[in-house]
Amino acid sequence: MATGRTHRPATRSRGIPEATVARLPLYLRALTALSERSVPTVSSEELAAAAGVNSAKLRKDFSYLGSYGTRGVGYDVEYLVYQISRELGLTQDWPVVIVGIGNLGAALANYGGFASRGFRVAALIDADPAMAGKPVAGIPVQHTDDLEKIITDNGVSIGVIATPAGAAQQVCDRLVAAGVTSILNFAPTVLTVPDGVDVRKVDLSIELQILAFHEQRKAGEEHENTVAPVAAHQESTEQGPDGDVPAVMPA
């Protein structure tokens, strides 16, 4: 029975907080960039700055992995890449299906970062019969009628939903029933899933709205900073009834 709750990741039972797990991809991205530049070691301060966190939090996060670095030397970049990749489950191949091959789904299918990070797009699925057989990113699109067989044949446990909001829950239910236990949801709706299924939601409109809030706040602060000096200048130059005495005298 669907409850809307998500299953706690296995790492939680090993003592790694979910907040730490959420930061591991940030560290991995920064470390991968260092590795590509053949940088052998990195200090906690340098890596924290590259990942956008503070160094104390980074050291705490790495302590959960059993990595403490070497005083005066720092962390071994290649070893950390391996360690974090292993913790995130990226040392194995993860077949992924993308359901909904509109503009967003097609863009995801063409994203080259999946393969380099341990994910293989096993199938593209769409409800439009006209899309069936058409290649997107070199992969022929398959119809949703075959969804369950596709999941079983490819051993898929991760599904990406890029459908319109109205179709997302039904697609989610079918994915779960077919054996998918992790879902990345791009549809602008909240999915209800049973215990044991993890859902990560990516909502671009929400992220833009948050940015709009910050832009509005910055504009308000700039307006206040502009108005305040003008008001102060007007107050200091206001004249009293005699024409040469400030209306507001200092105490």
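Colleague: Hi! Just after α2, which residue takes a positive phi?
Modeller: That is Ser38, which comes just after α2 and has a phi of about 60°. Helices here are DSSP runs of H or I with at least four residues, strands are runs of E with at least two, and both are numbered from the N terminus. This is a predicted model, where local features need pLDDT of at least 70 and side-chain atom pairs count only at pLDDT 80 or more, while totals for chains, interfaces and linings use all residues. Residues are numbered from 1 along each chain as its sequence is written, and side-chain values use heavy atoms, leaving out hydrogens and water.

Colleague: Where does Ser38 lie, and is Ser38 buried or exposed?
Modeller: Ser38 belongs to the loop between α2 and β1. Its relative accessibility is 62%, so Ser38 counts as exposed. For the cut-offs, buried is under 20% relative accessible area, exposed is over 50% and partly exposed is in between, using a 1.4 Å probe and protein chains only.

Colleague: Which alanine has a positive phi too?
Modeller: Ala137, with a phi of about 55°, although it is not a glycine. Look for Ala137 in the loop between β5 (135-136) and β6 (139-143). With a relative accessible area of 40%, Ala137 is partly exposed.

Colleague: Back to α2, then. How many residues does α2 have, and how far does α2 reach?
Modeller: Helix α2 covers residues 18-36, so to speak 19 residues, and spans 28 Å from its first C-alpha to its last. That is close to the 27 Å expected at 1.5 Å a residue, where the expected span is 1.5 Å times one less than the number of residues.

Colleague: Where does the kink in α2 lie?
Modeller: At Leu24, shortly before the proline Pro25, and the kink is about 25°. The bend is the angle between axes fitted to the seven residues ending at a residue and the seven starting there.

Colleague: Which α2 residues are buried?
Modeller: The buried ones are Thr20, Arg23, Leu24, Tyr27, Leu28, Ala30, Leu31 and Leu34. In general, an α-helix has 3.6 residues a turn, so residues three or four places apart point the same way.

Colleague: And what covers the buried residues of α2?
Modeller: The cover includes β1 (41-42), α3 (44-51), α4 (55-65) and α5 (77-87), going by contacts, meaning heavy atoms within 4.5 Å.

Colleague: Let's look at α4. Is Ser55 buried or exposed?
Modeller: Ser55, in helix α4, is buried, as its relative accessible area is 18%. Leaving aside residues up to four places away in sequence, Ser55 touches Ser44, Glu45 and Ala48.

Colleague: New topic: where is Asp153 found?
Modeller: Asp153 is in helix α8 (residues 147-154). Asp153 counts as exposed because its relative accessibility is 52%. Asp153 and Ala122 are 31 residues apart in sequence, with their C-alpha atoms 9.9 Å apart in space.

Colleague: And the whole chain? How many helices and strands are there?
Modeller: The protein chain has 10 helices and nine strands. Of its 251 residues, 33% count as buried. Taking contacts between residues at least 6 apart in sequence, 55% join residues at least 24 apart.
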